[in-house]
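Thanks for coming. I will walk through one protein chain today, and the structure goes up on the screen now.

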Amino acid sequence: MTKVTLYIAASLDGYIARSDGGIDWLSILDTEEEDYGYGAFYESIDAIVLGGNTYEVGLGFDKWPYPGKKSFVFTKRHFQSDRKDVVFVSDTVKNALAYIEAQGFENIWLVGGGALINSFLQHSLIDEYIISTIPTILGSGIQLFPPPTPEEKLELISSKQYSSGLLQSHYRRIGKP
């Protein structure tokens with residue numbers, strides 16, 4: 001059975017990026033001493049799903065941020081890539097997830113963005129949430145859970161506070177629809 005985990009950072013007021021998609025405010029966490037559990041999490045996943053805007057943000061980095069993992073980019077735009085580990089998907093999230101599961105991928109990282117997260121929420125397709133709350137108030141931007149968002153019951157698995165002020169909470173969805 002496929003497990004989808006939303007692993008994401010958000011500002012204290014619930015934004016995952018600035019209005020223009022900028023994530024420069026996350027640089028306050030860049031340190032060689034702490035990876036906030038990212039390395040272990042990355043090793044635990046088989047594939048990645050992300051939206052087109054998040055894909056474009058990833059292209060802006062010095063190197064591809066998801067090496068060694070198959071990345072499924074949900075978009076209606078006509079992207080092209082020479083990377084063999086990037087697949088563009090224009091199907092519904094339910095159909096696409098069934099396709100991903102049929103390929104043998106079991107642990108899926110839902111990277112973002114907000115619209116894709118909302119699509120997964122609408123179909124109760126997120127099994128676990130690992131939310132890193134950054135001690136920054138952005139005031140506006142791209143919401144982590146843009147409305148309309150369905151009600152979802154969660155149970156806390158764990159939480160950890162870091163010296164940077166980041167608070168990471170790990171939740172599991174209660175029950176299946």
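What covers the buried residues of helix α3 includes β1 (3–11), β3, β4, β5, β6 and α4. Contact here means heavy atoms within 4.5 Å. Helices are DSSP runs of H or I with at least four residues, strands are runs of E with at least two, and both are numbered from the N terminus.

A word on the source before I go on. This is a predicted model, where local features need pLDDT of at least 70 and side-chain atom pairs count only at pLDDT 80 or more, while totals for chains, interfaces and linings use all residues. Residues are numbered from 1 along each chain as its sequence is written, and side-chain values use heavy atoms, with hydrogens and water left out.

Back to α3, which runs over residues 93–102. Which of its residues are buried? They are V93, A96, L97 and I100. They cover an arc of only 100 degrees around the axis, and this puts them on the same side of α3. The arc is that of the directions from the helix axis to the C-beta atoms. Buried means under 20% relative accessible area, exposed means over 50%, and partly exposed is in between, with a 1.4 Å probe and protein chains only. As background, an α-helix has 3.6 residues a turn, so residues three or four places apart point the same way. After α3 comes G104, with a positive phi near 95 degrees.

Helix α2, residues 52–59, has G52, T54, Y55 and G58 buried. Down the axis of α2 these buried residues fall within an arc of 160 degrees, so they line one face of the helix. They pack against β3 (47–51), β4 (70–74), β5 (86–89) and β6 (107–112).

In helix α4, residues 114–122, the buried residues are G114, L116, I117, N118, F120 and L121. S124 follows α4 and has a positive phi, near 50 degrees.

Now the chain as a whole. How many helices and strands does the protein chain have? It has four helices and 10 strands. From the N terminus the order is β-β-α-β-α-β-β-α-β-α-β-β-β-β. A compact globule of 177 residues would have a radius of gyration near 16 Å, and the protein chain agrees, at 16 Å. That radius is taken over C-alpha atoms, and the globule rule is 2.2 Å times the number of residues to the power 0.38. The C-alpha trace spans about 40 × 40 × 30 Å along its principal axes. Of the 177 residues, 44% count as buried. Among contacts with a separation of 6 or more, 67% join residues 24 or more positions apart.

G37 sits in the loop between β2 (15–17) and α1 (38–44). Its relative accessibility is 31%, so G37 counts as partly exposed. Neighbours within four places in sequence aside, G37 is in contact with Y7 and Y162. G37 and Q168 are 131 residues apart in sequence, and their C-alpha atoms are 9.3 Å apart.

The other is Q161, in strand β9, residues 154–161. Is Q161 buried or exposed? Q161 is exposed, with a relative accessible area of 65%. Not counting residues up to four places away in sequence, Q161 touches L166 and L167. From Q161 to I108, 53 residues apart along the chain, the C-alpha separation is 25 Å.
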